[in-house]
Structure formats: C-alpha cells, structure tokens
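This report describes side-chain contacts and packing in one protein model. The sequence and structure are shown first.

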Amino acid sequence: MNKQGLNNLENKFQELKNLLKESDIEADYELTILEEKIRSQSKAEAVWKQVELARHPERPYSLDYIKRIFDNFIELHGDRAFGDDPAIIGGIAFLNSRPVTIIANQKGRTLKENVRRNHGMANPEGYRKALRLAKEAEKFQRPVITFIDTSGAYPGIESEERGIGEAIARNLRDFSQLLTPVICIIIGEGGSGGALGLGVGDKVYMLENAIYSVISPEGCASILLRDASKAKDAASMLRITSKDLLDFKVINGIIPEPEGGAHTNPDEAAKLIKEVLIKDLDDICARKPEVLVRYRNQKIRKIGHWHET
C-alpha cells in the first residue's frame, strides 16, 4: 500500500471511531487492534522507503565519496595469497594533509562493472586484502577509514572453499586489536558478516538512509515469514534503520543526507561525511593506541546486552 492509500485508511479509521462514539457503541478492543495494524503498516512503508533509498541505483558508492573527500588516492591491490578482489578497494590518501588508509566495499554502475565487482559481495581474498592494508596502516601509524556498502559477503562455493568464514572472523579479531584509529561509515547497505568484516572500529557511523542488518529483508521474509512478498514487514521487524541502530547503541551517530537522499546531491553528502571524519580524527588520533583498543573492545562487548524489567 502506498502513502496515499495509508492516509486514506487512517482517515477512514478516524471516521469509524467518531461514528462509533456518536452511536455509543463499545468497540475499544477491536479499534485498538485495528489501529495497531494500521500503525504497523505505516511503519513498514516508511522503513521500506529507507531500504529503497539505501539501494538506489544512483546512490553514491565508495569511490564517489573517496574522490570528493580525499586527495591523491592511490589504490593498492591483492591479498598476497590468492589474488585481488575488486569488490573491496583499498589504498592510501590524504585527508586535510593527514595520511590515511581507506578500505571500502565497491559496487558497479554498469552491468559489466557489476559483474567484475560481484555486486560488491567480497570473496575471502577481499577481506584478507583489507586486513593486509589495515596491518600496514598500523605499522605506519595511519588511521583507517572504512566505507561499508554490501548486501553481504559472497556465498558461492568457491568463496566457501577459500575460507570466507575464517577470513571474516580473522578481520573481526584483528580489527578489534588494531593499534591505530579506525572509523567505519555505512554509506548504503550493511549486510550481515560481509559488513562486519569492515565494521569494527572506534567510531561507527551510518548515513541517514543507510541500513544495517543481520540478513536482507527478503531473506528474512523467506525464512521466518515463509513468504518473500512480506519483505516490507520483515524490514520493519528487523530494526535496520540508522535510528534503530543508534537507539541500540550499535553505532555512534547518524550522518544526515541531503533532502531526498545522498544521490540528489553527492557533493553535499560527501561534505557532511568529511566534516565528521576530520572532527573525529582530530580527537582519536590524539589518544594512545592502547587506550583506543581498550575502549573499542568495551564498546563491542556491550552490543547485544538487553535488560527487560
């Protein structure tokens, strides 16, 4: 149901409430159930709009932000074990004259490029390349900045044969102990372990219309709701929006987007990201690496704790 349809339904519901009140008919319980259904549907539509914005084909990808935010980006290739994975890019650049290491998921714009980059779904060598660059950054005391935008790690047979689970697990462990500042920004989709492999940092941010989830709404609807057509309801249930993740304290903050989404004004979106990066790097680069690691691990351990009265 579209927004106009929901508005009409809400208006009809209000008319029904007024009519029942005038007729002195008791139907509070039934009205409460109906009102909850309308609210749930309205929320599902709002969340799904955010999912569509996170997946918008014109939404800026990592390279779009890199060229707008950083100077003199030099891409580095290969994991020194198997090969290079174009789904994850990485390299060295300058941010306001400060040398930094950038690691990012990269999707393709055209069909040919999307095939080459595997729709941003990385193989094990991608995560091993990311770790190699992070270790290099640690050695030369460069802060690490990651841009996350993937529906998940590649689940193919060859990916499993080369150890995708081990590669992501190693990244989780080693990024949590990295003796250099790490800032992570989810710019589009943050899908499952594929996102987590680049998502361990001192500060984790989401763009306003980005999403971050353990599974895609379509996958959740197919598995838990037994109906792939209920993806909108699944998206609402998963609590995948930036506001939800901030409420759960999974992320440190939300970076606003231009009205209508980042794709409407990529320059402005990049400017807003750059301001956050400069501010945070000035802060965390002044701290001792051992202190950063301690607080980083404390933050990780708090995620998932739930208290119910």
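## Salt bridges

E257 and R59 meet through their side chains in a salt bridge, at 2.6 Å from N to O; the term denotes a side-chain nitrogen of Lys or Arg within 4 Å of a carboxyl oxygen of Asp or Glu. E257 lies in the loop between β8 (253–255) and α12, and R59 in the loop between α2 and α3, so the pair ties together parts that are 198 residues apart in sequence. Helices (H or I, at least four residues) and strands (E, at least two) are DSSP runs, numbered from the N terminus.

The model is predicted: local features need pLDDT of at least 70, side-chain atom pairs count only at pLDDT 80 or more, and totals for chains, interfaces and linings use all residues. Residues are numbered from 1 along each chain as its sequence is written, and side-chain values use heavy atoms, with hydrogens and water left out.

By the salt-bridge rule the count comes to 21. The table gives three of these pairs.

| Pair | N to O distance |
|---|---|
| E257 and R59 | 2.6 Å |
| R128 and E166 | 2.8 Å |
| E45 and K232 | 3.5 Å |

Burial is expressed as relative accessible area: buried means under 20%, exposed over 50%, and partly exposed in between (1.4 Å probe, protein chains only). E257 is buried at 9%, and R59 is buried at 1%. The side chains of E45 and K232 also form a salt bridge, which links helix α2 (residues 28–54) to helix α10 (residues 231–238), with the two residues 187 apart. Here E45 is buried at 16%, whereas K232 is partly exposed at 29%. R128 and E166 form a further salt bridge. R128 lies in helix α5 and E166 in helix α7, so this pair ties together parts that are 38 residues apart in sequence. R128, at 27%, is partly exposed, and E166, at 35%, is partly exposed. Salt bridges that share partners also join R55, K107, D149, E189 and E218 into one network.

The structure holds 2 aromatic pairs. Rings of Phe, Tyr and Trp (its six-membered ring) pair if their centres lie within 6.5 Å; planes under 30 degrees apart count as stacked, over 60 as edge-to-face and the rest as tilted. The ring centres of Y65 and F147 are 6.4 Å apart and their planes lie at 20 degrees, so this pair is stacked. It connects helix α3 (residues 62–69) with strand β4 (residues 144–150), across 82 residues. Y65 is buried at 0%, and F147 is buried at 0%. For F70 and F147, the centres are 6.3 Å apart and the planes at 75 degrees, so the pair is edge-to-face.
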